Each structure stands twice: as C-alpha cells, then as structure tokens.
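Thank you for asking me to look over this entry.

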Amino acid sequence: MTRGLFSEVGRLRKVLVCRPGLAQRRLTPANCHDLLFDDVLWVAQARNDHDAFTSAMIERDVEVLEMHDLLAQTLQVPNALAWLLDRKLSADYMDMELAEQIRPWMEAMPPARLAEILIGGVARADLPFEPVGLLAQCADAADLLIAPLPNTLFTRDNSCWIGDGVVLGSMYWPARQQETLLMTAIYRFHPDFASTERGVVTEWWGDPDQDHGLASIEGGDVMPIGNGVVLVGMGERSSPQGVAQLARALFARGAATRVLAAQLPKSRGAMHLDTVFSFCDVDLVTVFPEVLNGIRVHSLRPGLAEGSLDVRL
C-alpha cells in the first residue's frame with residue numbers, strides 16, 4: 001500500500017489515533033486551562049466513545065494504529081529509547097540530579113508502561129525513590145515533574161501528511177510542543193516507518209530539535225486538496241512564518257505547485273481551519289459562516305528567484 005495522504009475525501013485505509021488514558025486523568029480544575037482544556041474529562045466515558053469510534057472504522061476495513069502501541073513498539077528500539085530520553089530528560093526540562101535518578105527507572109520499565117508515562121506524565125508521588133535536586137525540592141507530591149500531553153487525542157495536529165511525506169508540527173502552545181517529539185520518534189525509529197525496504201518517512205518540514213521561533217504549523221490547518229494544491233489555515237495556531245517556510249519546502253522538493261494560505265481570525269473559535277471548514281466530498285464542504293466569511297486567501301507559488309515566493313491575494 002502506498003503510504004501517505006493524497007485527498008481530503010478519498011477512502012480512508014489507515015488512521016492514527018490516541019486512546020484517552022493517563023494524560024487525561026491528570027487533568028484537574030487547577031491545571032486544565034494551562035493544558036488547553038476548558039474542563040476536566042470524564043475519562044471512562046471518553047474511552048468508551050473512543051472505542052466505539054475505532055470499532056466503527058475497523059468494521060469498515062480501516063486499519064487503526066494506536067499511538068500508545070506505536071510508541072511502546074518504538075521504545076523497544078535501543079536507539080529510539082536513547083534518542084527520546086536524551087531529549088525528555090535534558091537540562092531544559094529537568095535538572096541533572098533528578099535526571100540521573102529518573103533515567104534508570106524509566107529505562108527499566110516495560111515499553112508499554114514507559115509509553116504511557118511519556119504521554120501521561122510523571123508526578124513526584126509516582127517515583128519509587130526520594131528525588132533529589134532543586135526541581136524535586138520545589139515540587140509537592142502531586143506536582144508533575146514530566147508534564148502530561150492530553151492533547152495527543154488530536155493526532156491530526158502534531159504531525160500531518162502531505163502526499164507521501166510528513167510535516168512535523170511546530171506547535172503554537174508550549175503545552176503541546178512535546179507531542180511532536182514523540183511522533184518524530186515513531187516516524188524515525190518504528191519498524192513500520194523506518195524500514196529501509198519500505199523507505200524511511202520523508203519529512204517535508206519541522207524538527208523538534210530546532211527552535212522554529214514564530215514559525216508554527218499545526219496539522220489541523222493543513223489540507224492537501226489535490227492537483228498539487230495544499231490549503232493551509234493561518235488562525236490561532238499556524239503562523240504566516242510557518243506557512244511560508246512550509247510552502248518553500250514543498251516547492252523545493254516538488255511536493256506542491258501552489259499553497260493557498262487562508263488567513264483566519266486569531267481566536268479560539270478559529271483554532272484550526274478544520275474547525276470552520278472541512279471537505280465532505282470533492283464538491284461538498286461544511287462551513288462556519290461567521291468565521292468563513294471573513295477569511296482572506298493568499299495564493300503562494302514558486303517565485304522567479306530560487307527559493308522565493310510569488311504571493312498574491
């Protein structure tokens with residue numbers, strides 16, 4: 001089977017999901033807004049709804065890939081485990097004293113449990129030892145030493161496919177940025193994606209090791225609509241800087257001939273393009289008129305000079 005996304009409305013054959021679990025159980029009235037949720041979730045019911053949805057897809061011959069499972073399988077690859085822990089436990093996220101304690105504990109875990117806490121987070125009270133270091137001394141028992149990633153539910157956002165390559169999201173809010181790290185590990189190390197027989201995954205744009213500054217792209221804004229055209233929203237989450245970089249990368253590698261940059265209001269009501277405009281068929285869309293009527297569309301094509309853009313309204 002050809003790997004990639006070539007239509008917004010074609011037959012769905014394979015899909016990536018993330019089942020609700022520990023990350024959502026970490027949500028509390030005190031932290032849910034910082035983690036981009038309006039309220040806490042009824043996790044048991046969310047899991048039931050998720051299972052019903054995935055069962056409906058499986059009954060229609062869609063292959064469902066679950067992120068926890070893919071990550072656990074990825075962590076069985078020694079290079080992947082080292083690559084991820086090097087970044088999750090770096091000095092930018094955890095002081096050296098605690099990292100030296102917590103890394104052997106994580107390395108000794110079964111891969112499924114480690115995948116669960118890399119997505120679900122680690123509280124001080126979860127540790128089976130007395131932690132040391134400044135970070136640990138400043139933390140109460142319920143405080144999170146590794147933040148949960150409850151927005152992994154929205155698997156379209158932290159990475160997205162354009163044709164036979166992937167865009168690794170440069171997430172707008174810090175609460176979501178570590179999601180891309182986990183997805184990058186899966187794409188780069190999981191046998192189904194990193195196999196030399198099938199070809200490693202092409203990365204069009206994005207790198208979790210790079211500070212993209214104000215250049216943000218989230219997959220909910222990205223729609224490959226066919227014939228070399230990619231529609232990208234610019235609202236609360238994806239920026240003109242990110243869209244321009246993505247367009248240049250796609251044009252340079254022949255992955256697109258035109259990018260339509262849809263300028264949305266910068267509001268939570270227009271969080272992503274797919275919240276106000278979605279394709280149902282080649283000639284049928286759903287729209288949220290109050291936002292859609294205010295969208296300005298900029299057409300981007302390769303410019304005459306190498307690497308330049310021809311931008312027109």
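1. How are α3 and α6 oriented to each other? The model is a predicted one, and in it the axes of helix α3 (residues 67-74) and helix α6 (residues 111-120) come within 8 Å and cross at roughly 120°. Angles from 65 to 115 degrees would count as roughly perpendicular and those over 145 as roughly antiparallel, and α3 and α6 are therefore oblique to each other.

2. The crossing in which α3 passes α6 is right-handed. On the α3 side the contact is made by M67, H68, L71 and A72, while α6 contributes P111, A112, A115, E116, L118 and I119. Sorted by class, the residues of this contact of α3 with α6 are 8 nonpolar, 1 polar and 1 charged.

3. The crossing of α4 and α9 is right-handed.

4. In the contact of α4 with α9, the residues taking part from α4 are N79, A80, W83, L84, R87 and K88, and those from α9 are Q178, L181, L182, T184, A185, R188 and F189. These divide into 7 nonpolar, 3 polar and 3 charged residues.

5. Turning to the strands, an open sheet of 3 strands has the order β5-β6-β7, and its pairing is mixed. β5 (159-162) and β7 (202-205) are the edge strands, each of which pairs on one side only. On average, and with direction ignored, neighbouring strands of this sheet are turned by 40° against each other.

6. Within that sheet, β5 and strand β6 (residues 165-168) pair in the antiparallel sense over 4 bridges, and C160 stands opposite V167 in β6.

7. As for the whole, the chain has 12 helices and 14 strands. Its radius of gyration is 20 Å, close to the 20 Å that the globule rule gives for 313 residues, so the chain is as compact as a globular protein of that length. Taken along the principal axes, the C-alpha atoms fill a box of roughly 60 × 40 × 40 Å.

Methods: Residues numbered from 1 in each chain as written. Predicted model: local features only at pLDDT ≥ 70, side-chain atom pairs only at ≥ 80, totals over all residues. Heavy atoms only, no water. Left-handed = near helix turned anticlockwise from the far one by under 90°. Helix = DSSP H or I, 4+ residues; strand = E, 2+ residues; numbered from the N terminus. Contact = heavy atoms within 4.5 Å. Nonpolar A, V, L, I, M, F, W, Y, C, P; charged D, E, K, R; others polar. Pairing = 2+ DSSP bridges. Axes fitted to C-alpha atoms, helices over the stretch in contact; angles between N-to-C directions. Rg over C-alpha atoms; globule rule 2.2 N^0.38 Å. Parallel < 35°, antiparallel > 145°, perpendicular 65-115°, else oblique.
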